[in-house]
Structures are given as C-alpha cells and as structure tokens.
Amino acid sequence: MMMRYTNLKKTLKRLIALMLAAFMLAGLCSCENDTAGEVKDSGDMIKPKALSEQTSAITHQTAKLYVPDPGFKDAQVSIQSVAILPSENVYSAVVRTLLSIISSQNTDISLLSFAFTGDIANVNLSCDANEIGEHGVFTLAYCLTNTLTEFSDVEYVNLLIDDRAVSFGGIPYGAMSRFEDELATEYWRMTINYAEISAGSVHQYDHNAAFYYGALSDPLLLGEVRQISYSNLDSALTSIIEELAKGPRDTASMTRLLPSGAYLARYNSFDTENGKVLSLYISGDIDDFSHRNDIDKELIRASVAMSVFDYYPDCCQVSVFFDEDTAEKGSNLHRTEFELLLGSKLTMYYPLVDDSKIARIDAVVPAYQDADPQILIDGLFDEPSQESGVLAIFPGDISAEDILSINIFDGEAVVDISQKLLLSLREMDATYERNTVFCIVNTLCRSMDVGSVTFLVNGEPCGNVSGRLNLSEPLMFNPGIVK
C-alpha cells in the first residue's frame, strides 16, 4: 500500500539530514521533569496556520521511566517530562531522556541509534555502557526494557552496545520482554542460569531473539521474536536458518525470504581484534526462489545477517553466500549496513468495497520515518490494490495538498484541511462522509498513538458538515465501524 523505498542512497541521504537536524536541536532539549500527564507520541510537528505562532517545533509528553541509581545496582520509577524533537518518535525521545538522567550521574552513555520494527525496540548505545560492568549493564537493560514496554505496542527490547548484542558472561540477553519481578530477583535468576551453563549442568538452553523477515508490500525487513534451543554455535546457526526458512507467524504483513528447503551447508568462523567474523554458506535453490518471487538477494542476505547478529554478542561481521555466489558476493558486512532496511508497521484504515464499514490494513515504512505524519498523508492517498478489498479514501479530485498539515499536541492530533476537502465532504452521503473522516481519525489514533483528532479548515475551527457529523469537537477512535 505504501510507496516502495528501493533507492538506498537517497534514503541514506535523507537519514543523514534527519540526524543532523536532530543533533542541532539536541542542545535545546535538556531533560525536564515533574510534569503530570499521559504518554503519547508527538510525531512530527507540521504546524497549522492558526497555531504556528503559538507552538514550538519541540513538544513535551510525560513518561514513566525506570531510572538506575548511581551505582547501577537498583532502580526506581520516575515521572519525567520528555522533549520530543521533530521527526523523532516518543520511544527514542524517552530513551534519550533516560540517558540524560544517567549522564547527570557522571556516566556518559549516549544513544547511537534507535529503530522500532514489528513490536521490537532496537536500542543501540555507545561503548561507554561497557564501563559500568556486567551488573550495571543488566540494570540498564532492566530499566530500558521496563520503560519502553510501558507502551502497549512495544513487546520486546533488543539492547546493543556499539552495534553488538549484549551478553552476560558470553550468553546473549536476546530480545527482552518486560521484567515482572524486582531487579534483584531478576539478576539473581540470571547469575544462576549462567552458573549452570558454565558448570555444564545445562547442555541446552532457550533463547529469545529477533528473526528478520520480509515485509509483504515493501523491500524492507520486519522483526519477529522466536525462541529456540541450542547448545553450541553449530546448532544455533542451523536453527536460525531453519526458522527463517519456516517463515513468519505474522503472514498478514511478513513473508519468508528463504525457500522452505534452505539449509546451512557450512560456515567458517574466525576471530579478529574487533570480534568474531562469520561466513555462512546457504543452499536450497535460493536463486530460483528469489527470481520467481521477485526478491532482491541482498535483502535475503540482510535477513540472515541481522538474525545472526542478534544471537552472537562477539560477532562483528557476517558474510552470507549462496550456492551460485562468487567470493566477492558476500563480503563482510557490519550490522549498521543493514539498518536502513528495517521497516516499521503503520496502521491504516480504508473504506470497504460494498460495505458500510472500514477495514484495517498494515502498511510498512522505513523505521526511521515512522514518526513523520507526512508518511501517513502519503499513505491515505495511495491507491489500494484490487485484491485488498478496500476503496480509496478520497474522491479523485482531492489530493494530498488538501490536507494542509498534521500536528500533535499533548496526545491530540490537529488536522488542517482545505476548504475544497470540506466542500467535498458536504457533497458525500452520510455513510461515505463518516467513513472518510474516521479513516483519518482511526489511522492517526493507532499509528501516531493519539487519543483524539481535531479538524481545522484553513487554520480556523471547523463546524458541522451538513449537520450530520460534528467536526467542531475532537473525535476519538471509532471501533464500531471497523469490520
């Protein structure tokens, strides 16, 4: 449903521009605290005309943070005001705020990158995090995980330090779900598990990690957490390829990139000063499968490599070879070289064909763009495929330019529409009008995590539309018209 992002060079340039903008504004956004309220995603600030004089490009939301003590042995809950930069989602803003508090305790840990894919938050910290020791890193992982899983759509946190998976005595943390017990209990459980493995009393152990599958509609990767059991490098690598070949559980938005008969033929492993380098040789008609399904083989390599990186804390580079490849095809690649391929799901709503209700359709965008309301505007105006069973939201004479702006203020979306779009709504029958409006409202409520949507017309308050649908008051998510 959404536009395809195949030109990675252009994407990289846009990412660099966004990062530079964020860095320039970072000095304006020191940590603020003690503000009551509800945690909502602020999205990107595109100011309506009537409000442009009164608002800042930086918004503030309150969040429940789990903050480590100065010795990184315990944690306490703190309600903090979070400054959200333009083009930054609320998740990365919360992490940045938490790290700012930690930095005030003379431990300068910075956020290198953040990506939200599937229901997994990938948090990549600077190498300064290694200075707080294994116990300190575990405490930090506890705090980050419980802070981020306060959000209903975050189920797992994948913690990295300087692009590497985090480990406890060489055992990877994996994709962490919410810690339900106290920090001391969780740490004791981890040390017991490590002692059993080190003593050889446990020969096989379970591990949660993210596996990366292809998005159905775009050449991007989406993460899905699986649990596998393994005892050594051989069995783990074999299990990873097997799980990728099985395909995802979420077949509504993901697809497998390896054929069902793919297998690990062999691998090479050697140590360098920077860590372990792995070369994987995969067989199973990959060339024919990728050709028949129009899958870029570089995306398959990325799927395998990203899944392997999440399993091995000491792995710094991965090469992936297929049967027909020459030596230069699978040159050693770092994790960061694949991160532009990570996707994030947005929830869109469209009118159903021959029905009075609307339907939910998940769209996939590059993970670093999921906080940009312009992406939502583009999606609302995309032409649905005939197979989707849904209609375009707007009539043909309405274009994206008729949504003048989308802005988020303290959990409320403000949508400024043109007079032309308002007149078009007035000409619709009651059902079509309602569905059109609530496709916008429901999409914003789910994709931008807002509680209500207010409409303006050319920057001014909006009145009733033909006396049927009251647009002068904020509208909330409407589950009753979703099929």
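**Packing and pairing in a predicted model**

Biologist: Does serine 452 count as buried or exposed, and why?
Modeller: This is a predicted model, and in it serine 452 has 14% relative accessibility. Buried means under 20%, so serine 452 counts as buried.

Biologist: Where is the place of serine 452?
Modeller: In strand S20, which covers residues 452-457.

Biologist: And what does serine 452 touch?
Modeller: Leaving out residues up to four places away in sequence, serine 452 touches Gly411, Glu412, Ala413, Cys445, Pro474, Leu475 and Met476.

Biologist: Other topic, helices. At what angle do H2 and H3 pack?
Modeller: About 145 degrees, with the axes 10 Å apart. H2 is residues 90-103 and H3 is residues 133-148. The crossing in which H2 passes H3 is right-handed.

Biologist: Which residues meet there?
Modeller: From H2, Tyr91, Val94, Val95, Leu98 and Ile102; from H3, Leu140, Cys143, Leu144, Thr147 and Leu148. Sorted by class, that contact has nine nonpolar residues, one polar and no charged ones.

Biologist: Now H5. How many residues, and how far does it reach?
Modeller: H5 spans residues 233-246, which is 14 residues. From its first C-alpha to its last it reaches 20 Å, close to the 20 Å expected at 1.5 Å a residue.

Biologist: What comes just after H5?
Modeller: Glycine 247, with a positive phi of about 95 degrees.

Biologist: Which residues in H5 are buried?
Modeller: Ala236, Leu237, Ser239, Ile240, Ile241, Glu243, Leu244 and Ala245 are buried in H5. Their cover includes strands S10 (205-215), S11 (221-230), S13 (263-272) and S14 (275-283), and also helix H7 (297-309).

Biologist: Take S10 from that. How many residues of S10 are buried?
Modeller: Nine of the eleven, so S10 is largely enclosed by the rest of the structure.

Biologist: In which sense do S10 and S11 pair?
Modeller: Antiparallel, over ten bridges. A hairpin of five residues joins S10 to S11. As for a particular bridge, tyrosine 212 has glycine 223 in S11 as its partner.

Biologist: And over how many bridges do S10 and S12 pair?
Modeller: Two, again in the antiparallel sense. S12 is residues 254-255, and its threonine 255 stands opposite glycine 214.

Biologist: Back to S13 and S14. In what order do the strands of their open sheet come?
Modeller: The order is S13-S14-S15, three strands with mixed pairing. S13 and S15 (315-322) stand at the edges with a single partner strand each, so one side of each has no neighbour in the sheet. On average, neighbouring strands of this sheet are turned by 15 degrees against each other, direction ignored.

Biologist: In which sense do S14 and S15 pair?
Modeller: Parallel, over seven bridges. In that pairing, tyrosine 281 stands opposite phenylalanine 321 in S15.

Biologist: Which strands does H5 lie across?
Modeller: S13 and S14, and H5 runs at about 130 degrees to S13. H7 also packs on the sheet, where it touches S14 and S15. The direction of H7 makes about 140 degrees with that of S15.

Terms used
Residues are numbered from 1 along each chain as its sequence is written. This is a predicted model: local features need pLDDT of at least 70, side-chain atom pairs count only at pLDDT 80 or more; totals for chains, interfaces and linings use all residues. Side-chain values use heavy atoms; hydrogens and water are left out. Axes are lines fitted to C-alpha atoms, for helices over the stretch in contact, and angles run from 0 to 180 degrees between N-to-C directions. Helices (H or I, at least four residues) and strands (E, at least two) are DSSP runs, numbered from the N terminus. A crossing is left-handed if the near helix is turned anticlockwise from the far one by less than a right angle, and right-handed if clockwise. Contact means heavy atoms within 4.5 Å. Ala, Val, Leu, Ile, Met, Phe, Trp, Tyr, Cys and Pro count as nonpolar, Asp, Glu, Lys and Arg as charged, and the others, Gly among them, as polar. The expected span of a helix is 1.5 Å times one less than its number of residues. Buried means under 20% relative accessible area, exposed over 50%, partly exposed in between (1.4 Å probe, protein chains only). Two strands pair if DSSP finds at least two bridges between them.
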